[in-house]
Amino acid sequence: MTALPGWERSPAFVFDATRCALSVLDQAHLPFEQRYLQPGSVADCVRVIREMNVRGAPLIGLVAAAGMAFAARADASDAALAAAAALLIASRPTAVNLRWAVEDLQAVLRAAPLAARAEAAAARVLALQRSESACCARIAEHGLGILRALADTPRVRERGVLNVLTHCNAGWLATGAWGTALAPVYRAAAAGIAVHVWVDETRPRNQGARLTAWELGEGGIAHSIVADNCAGHLMQRGLVDVCIVGSDRTTRAGDVCNKIGTYQKALAAADNGVPFYVALPCSTIDWTIADGVREIEIEERDASEVLQIEGAGADGVLRSVRHAPLASRAANFAFDVTPARLVTGLICEHGVFAANAAALAPLRAVAGAAP
Ligand code: MRU
């Protein structure tokens, strides 16, 4: 499986609207095995989202939308759809795309006659993926402008390669198409810019080491995995030209909620004068809130994810081992909030915007519209 910039749909999410059938790449087994799952009901979609077989804000939005299509096929009444929507929205609390996609499906279905709802829902899932694909393509173009300018600085010209640092996974495994944070990287590589990515391992689930590194490798992009606490060191030595991360929820004032550890990268970037960009579709902006630290619910996951580490032995079989004292407890916060003042710019399908309420306000009218 090779990630090519020409892709319009990610192989992580394959939806057949005619049969109303879904196939998703099981990310819990990557990079060791490529398995596909076929969720076929609301309960299946809730399970694959909660267990993180699928993850990444835009992708879980699409899977939740497919869940609404399965609900409409089983019982298209308003009551049944409302019950399905509540289950899907509760499956993970932090990423806003999930609620956005479910509410989008609900609005489309409410407007359709009962007998036509199942078909309308399936068509809408595909339309959402198409629109997301267009967003990824635009994010790639806008991000390319930034990377091109950086590639032309004396430091990068002398080194001969542009160093991008990313956290977590915000590529085609996390979206319906090329990705958000990684889309500009794929686009820059396709444009002939020599690019290398520092990949934070992203404890405790290791989305960087397991998913981003695999995805970049499949796409032929040079990369190095670094321990989560290495970024400040790299930046002090001038080895990071730009940080680009994704977002699970961004407030109307530009605060960015993303995978735990993102805030620390932003602090290190600010201290070292490294530009810190966030790439996101407008569906990730939560217009109902301004203060991300106070208002965003941060998902807390099972302590075992921190107390244990999972990997594969030489036989390729996944195993977990405990690496902490048996008596120790752990806290497992899955996301954090980077205040807008630390964000150089938000790269979305409509351009590059300053992270503040005044700059973002015009996007409210076009959010949800195709780019
Ligand atoms: O817990 P996850 O793996 O779903 O978290 C994903 C992230 O934090 C991503 O960086 C974010 O969703 C952006 S995805 C384009």
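Guide: Before we start, one term: a residue is near a molecule if one of its heavy atoms lies within 4 Å of it. Also, this is a predicted model.

Visitor: OK. How many residues are around the ligand, and which come nearest?
Guide: There are 19 residues around the ligand, and those that come nearest are R55, R92, Q207, D248 and K259.

Visitor: What does Q207 do at the ligand, in terms of distance?
Guide: An N or O atom in the side chain of Q207 is 2.8 Å from an oxygen atom of the ligand.

Visitor: And how much of the ligand does the protein bury?
Guide: The protein buries 99% of the 410 Å² that the ligand exposes when taken alone.

Visitor: Where does the ligand sit?
Guide: In the largest cavity.

Visitor: Which domains does the shell draw on?
Guide: Domain 1 (6-130) and domain 2 (140-367) each supply at least three residues of the shell.

Visitor: What kinds of residues are in the shell?
Guide: Seven are nonpolar, eight polar and four charged.

Visitor: Back to contacts. Which backbone atoms have a ligand oxygen by them?
Guide: A polar backbone atom of G56 is 2.9 Å from an oxygen atom of the ligand. For a polar backbone atom of A57, the distance to an oxygen atom of the ligand is 3.0 Å.

Visitor: New topic: the backbone. Which peptide bonds are cis?
Guide: One joins L30 and P31, with omega about 5 degrees. Another runs from R203 to P204, with omega near 5 degrees.

Visitor: Where are P31 and P204?
Guide: P31 is in the loop between β2 (21-25) and β3 (36-37). P204 is in the loop between β5 (195-200) and α8 (207-218).

Visitor: What about M52: is its phi positive or negative?
Guide: Positive, near 65 degrees, and M52 is a residue other than glycine. Most residues other than glycine have a negative phi. M52 lies in the loop between α1 (42-50) and α2.

Conventions:
Residues numbered from 1 in each chain as written. Predicted model: local features only at pLDDT ≥ 70, side-chain atom pairs only at ≥ 80, totals over all residues. Heavy atoms only, no water. Polar contact = N/O pair within 3.5 Å; in protein donor to acceptor, adjacent residues only side chain to side chain. Areas by Shrake-Rupley, 256 points an atom, 1.4 Å probe, with all protein chains shown as cover. 1 Å grid on protein atoms, 1.4 Å probe; cavity = no way out; pocket = protein on both sides within 12 Å on 5 of 7 lines; lining within 4 Å. Sits in = over half its atoms within 2 Å of the grid points. Nonpolar A, V, L, I, M, F, W, Y, C, P; charged D, E, K, R; others polar. Domains from an automatic or database assignment. Helix = DSSP H or I, 4+ residues; strand = E, 2+ residues; numbered from the N terminus.
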